[in-house]
Amino acid sequence: EKGEDIYDLMEKEVSEIPAGADNLIFTPWFQGERTPVTDTTVRSTIFNLGLEHNRGHIMCAMLEGIGYNLKWTINNIHRDYGIAIKEVTVIGGGSQNDAWMQSLSDILQVKLNITKNPKMAGAIGSAMTAFVGLGLENDFTKIKEFNPVTKTYHPRKDHKEVYQKMFENYKVLYHSLKKAYHDINFERFNRN
């Protein structure tokens, strides 16, 4: 209605919401989940929605929910394989949302890098793979020249506690609703 770019409007609204979206939690499991848990019956949930929340809160909770899911996955990788992820390079259109990338860095408590061409990173990676496969390049070291990091987000320590609390609540929510999801959805999604 205002002639604004929808993504700019969304980012503006999200950036006005405090870390933790005023205790609103969103689970991003639209079609079940494979990682960090394997569960075909879970579905997305907006939990703890009240009259104090607005559209910005819901969008913020959605973005944070994706971050909590990623944190849970990273924690599982560390637990199962001993790999500590200290830095992540994010690609795709979502990487251009400053508010989301900063909150993701805060949730994960790692440095996030954004490349010069985040929307083209897959194509650039495919081209580099072809170069190596054809013998035009010896290895993948030049990939950083083709798509260099141009922006970095560092985790804000003052958001660590609230995001850790919300992450723990996020996991509790899954475990608390697991049986309900199963009872409601098992027959629906496990037909042969």
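Q: Where is H57 in this predicted model, and why is H57 called buried?
A: H57 sits in helix α2. Its relative accessibility is 6%. Buried means under 20%, so H57 counts as buried.

Q: What is H57 in contact with, leaving aside neighbours within four places in sequence?
A: The contacts are I17, A21, D22, L24 and E52. Each has heavy atoms within 4.5 Å of H57.

Q: What makes helix α3 largely enclosed by the rest of the structure?
A: Helix α3 covers residues 98-108, and ten of its eleven residues are buried. That is why it is described as largely enclosed. The buried residues are A99, W100, M101, Q102, S103, L104, S105, D106, I107 and L108.

Q: What covers the buried residues of α3?
A: The cover includes the helices α1, α2 (55-81) and α6 (160-189). It also includes the strands β3 (87-90), β4 (111-115) and β5 (149-153).

Q: What makes K151 and D98 a salt bridge?
A: Their closest N and O atoms are 2.7 Å apart. The rule asks for a Lys or Arg nitrogen within 4 Å of an Asp or Glu carboxyl oxygen. The pair therefore counts as a salt bridge.

Q: Which parts does the pair of K151 and D98 tie together?
A: K151 lies in strand β5 and D98 in helix α3, so the pair ties together parts 53 residues apart in sequence. K151 is partly exposed, at 37% relative accessible area.

Q: How do you know that K111 and E87 form a salt bridge?
A: The closest N and O atoms are 3.6 Å apart. The limit is 4 Å, so the pair qualifies.

Q: Which distant parts of the chain does the pair of K111 and E87 link?
A: K111 is in strand β4 and E87 in strand β3, 24 residues apart. K111 is partly exposed at 28%. E87 is partly exposed at 45%.

Q: What makes E137 and K142 a salt bridge, and is each residue buried or partly exposed?
A: The N to O distance is 3.8 Å, and the limit is 4 Å. E137 is buried, with a relative accessible area of 19%; the cut-off is under 20%. K142, at 34%, counts as partly exposed.

Q: How many salt bridges does this rule give?
A: The count comes to nine.

Q: How do you know that the span of helix α4 agrees with its number of residues?
A: Helix α4 has 13 residues, 121-133. At 1.5 Å a residue, it should span 18 Å. Its end C-alpha atoms are 18 Å apart, which agrees.

Q: Why is M10 called partly exposed?
A: M10 has 30% relative accessibility. Partly exposed lies between buried, under 20%, and exposed, over 50%. M10 therefore counts as partly exposed. M10 lies in helix α1, residues 6-15.

Q: Which residues make the nonpolar surface patch of about 320 Å²?
A: The patch is made by I6, Y7 and M10.

Notes: Residues numbered from 1 in each chain as written. Predicted model: local features only at pLDDT ≥ 70, side-chain atom pairs only at ≥ 80, totals over all residues. Heavy atoms only, no water. Patch = residues over 30% accessible without salt bridge, like charges linked within 9 Å, V, L, I, M, F, W, Y side chains within 5 Å. Areas by Shrake-Rupley, 256 points an atom, 1.4 Å probe, with all protein chains shown as cover. Salt bridge = Lys/Arg side-chain N within 4 Å of Asp/Glu carboxyl O. Helix = DSSP H or I, 4+ residues; strand = E, 2+ residues; numbered from the N terminus. Buried < 20%, exposed > 50% of the residue type's maximum accessible area, 1.4 Å probe, protein only. Expected span 1.5 Å × (residues − 1).
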